[in-house]
Amino acid sequence: MIKKVLEKLRNAGENDKIVYKNVLGAFLVKGCALFVTLYTLPSYIKFFNNDEVLGLWFTILSLLNWILNFDLGIGNGLRNHLSTAISLGNKEDVKRYISSAYISIGAIVTVLSVIFPFVIYKVDLNNLLSIEKTEISPNSLYITAIIVFVGVMVQFWLKLINSVLYALQKSSVNNFLVLCTNVMILVVAVVFPSGTNDRNIIVMAIVHAVAVALPLLVATVWVFAKKLRYAIPRIKYFSKEHGKKVLSLGGIFFFIQIAYMIIMSTNEFLITKTSGNADVVDYQAYYKLFSLASTIFALALTPLWSVITKAKAENNVGWIKSTYKKFMILGGIFCLGECGLVVLMEPLMKIWLGADSLPEISYFSGIMCALLGCAMIMNGVFSNIANGTGELKVQAICFGVGAVLKVPLSYILVSILGSWNGVVLANIICMGIYCIIQPISLIKYFKNNLSS
């Protein structure tokens, strides 16, 4: 069997080899990162030793993810244009796309980092984040907010290297960076002694900022010292024309990012507002378990987007269609895995979290999170194909509608169900809209392009 697999790999086409190699790297590296992440939650629980403060930290992390989407789509615009330029061997375009993206993001980061401390000073963060001043002092929360924001701004700029690595078909390196970040955070959570609530949250803010930025910085130096020495970002390579191209495509990506963020990254915040910070910890336990299948599946999808862009530049639509069918079958298998997790969730949670930290077991919560996991799996297939081909209209409309519905629908469903499951159900509905309409659009795309 091994001989047959190796023979098939040797005889595979160039695009298939790129996918196989990066998927293997993703499973090896990010699989370890996933394993580390599973141990991070129990370590967080012991480190913070307070569900209200831990729930606050999870809410801050979700807000952090919101901010990271505000790059005007430059990262994704760079990824698509750079993939095409590298595929066609156009070094001049490579230099100008990279420099234009780095300089644009650098200007945004500098301005926001300077004005943020003044803007946030007058905001009642305790009220905004629903945390009592007896739990976390306003001054400590202010310091935490500045550390997190500045850390995000640095990450905002450095994470452009992710787009460059994707364009170079080196997606497995991005997974290694995630592993480094997760290991650093886990080590501190395990080794560093727990203190007061104020001290704990400031320490974790510093650790998170450093753990995310440092691997990205090392990767940036490595790429521009080795692979793209000729394309080191310089002001003289900045081009309004190339910047405009990145921004025009990036503008659509930006809208999709913001809409998707509202659908997927507001759960912790909405649960905090409707049920309280402590329930965020319960939600995190269920979500992390049932996002396991979608996270593993995302490993296989890691290289897909950029390889699809490369195949489109080569006018290889037949390969794109064939790959889409393969990943649809694989996605169906992983959805069955979500169903299996519902049956096994109680013993798995006991092993994972231990009896002392175990949330109240609810099979209804398990089914809700399993359905959300299935929606995330299928969304991964559809969005990677659509992003790679540049067919973004359906995605923009569906996610836009979902974003409008998410908040009011969450409040309505929480009041009906009487628990945080209402937020998850709202998520399923908003994601479901896209998962129904996008495959119809993709079938039409394949039909039109294969026959032309």
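Leaving aside its neighbours within four places in sequence, which residues is Tyr283 in contact with? The structure examined here is a predicted model, in which local features need pLDDT of at least 70 and side-chain atom pairs count only at pLDDT 80 or more, while totals for chains, interfaces and linings use all residues. Residues are numbered from 1 along each chain as its sequence is written, and side-chain values use heavy atoms, with hydrogens and water left out.

Tyr283 lies in helix α13, where helices (H or I, at least four residues) are DSSP runs numbered from the N terminus. With a relative accessibility of 1%, Tyr283 counts as buried, a term that means under 20% relative accessible area, with exposed meaning over 50% and partly exposed in between (1.4 Å probe, protein chains only). Beyond the neighbours within four places in sequence, the contacts of Tyr283 (heavy atoms within 4.5 Å) are with Asn267, Glu268, Ile271, Trp420 and Val424. Trp420 is 137 residues from Tyr283 along the chain, yet the C-alpha atoms of the two are separated by 7.6 Å.

Helix α13 (residues 277–290) packs against helix α12 (residues 267–274) at an angle of about 140 degrees, with the axes 7 Å apart; such axes are lines fitted to C-alpha atoms, for helices over the stretch in contact, and the angles run from 0 to 180 degrees between N-to-C directions. This makes α12 oblique to α13, given that angles under 35 degrees count as roughly parallel, over 145 as roughly antiparallel, 65 to 115 as roughly perpendicular and the rest as oblique. The contact brings together Asn267, Glu268, Ile271 and Thr272 of α12 with Asn277, Asp279, Val280, Tyr283 and Gln284 of α13.

For helix α14 (residues 292–301) and helix α16 (residues 317–353), the axes come within 9 Å and cross at roughly 165 degrees, which means that α14 is roughly antiparallel to α16. From α14, Ala293, Ser294, Ile296, Phe297, Ala300 and Leu301 meet Phe327, Leu330, Gly331, Phe334 and Glu338 of α16.

Elsewhere, Asn90 is placed in the loop between α4 (74–87) and α5 (91–120), and Asn90 is partly exposed, with a relative accessible area of 32%. The side chains of Asn90 and Asp93 are joined by a polar contact of 3.0 Å, that is, a pair of N or O atoms within 3.5 Å, of which, within protein, one must be able to donate a hydrogen and the other to accept it, and residues adjacent in sequence count only if both atoms are side-chain atoms.

Key. Helices (H or I, at least four residues) and strands (E, at least two) are DSSP runs, numbered from the N terminus.
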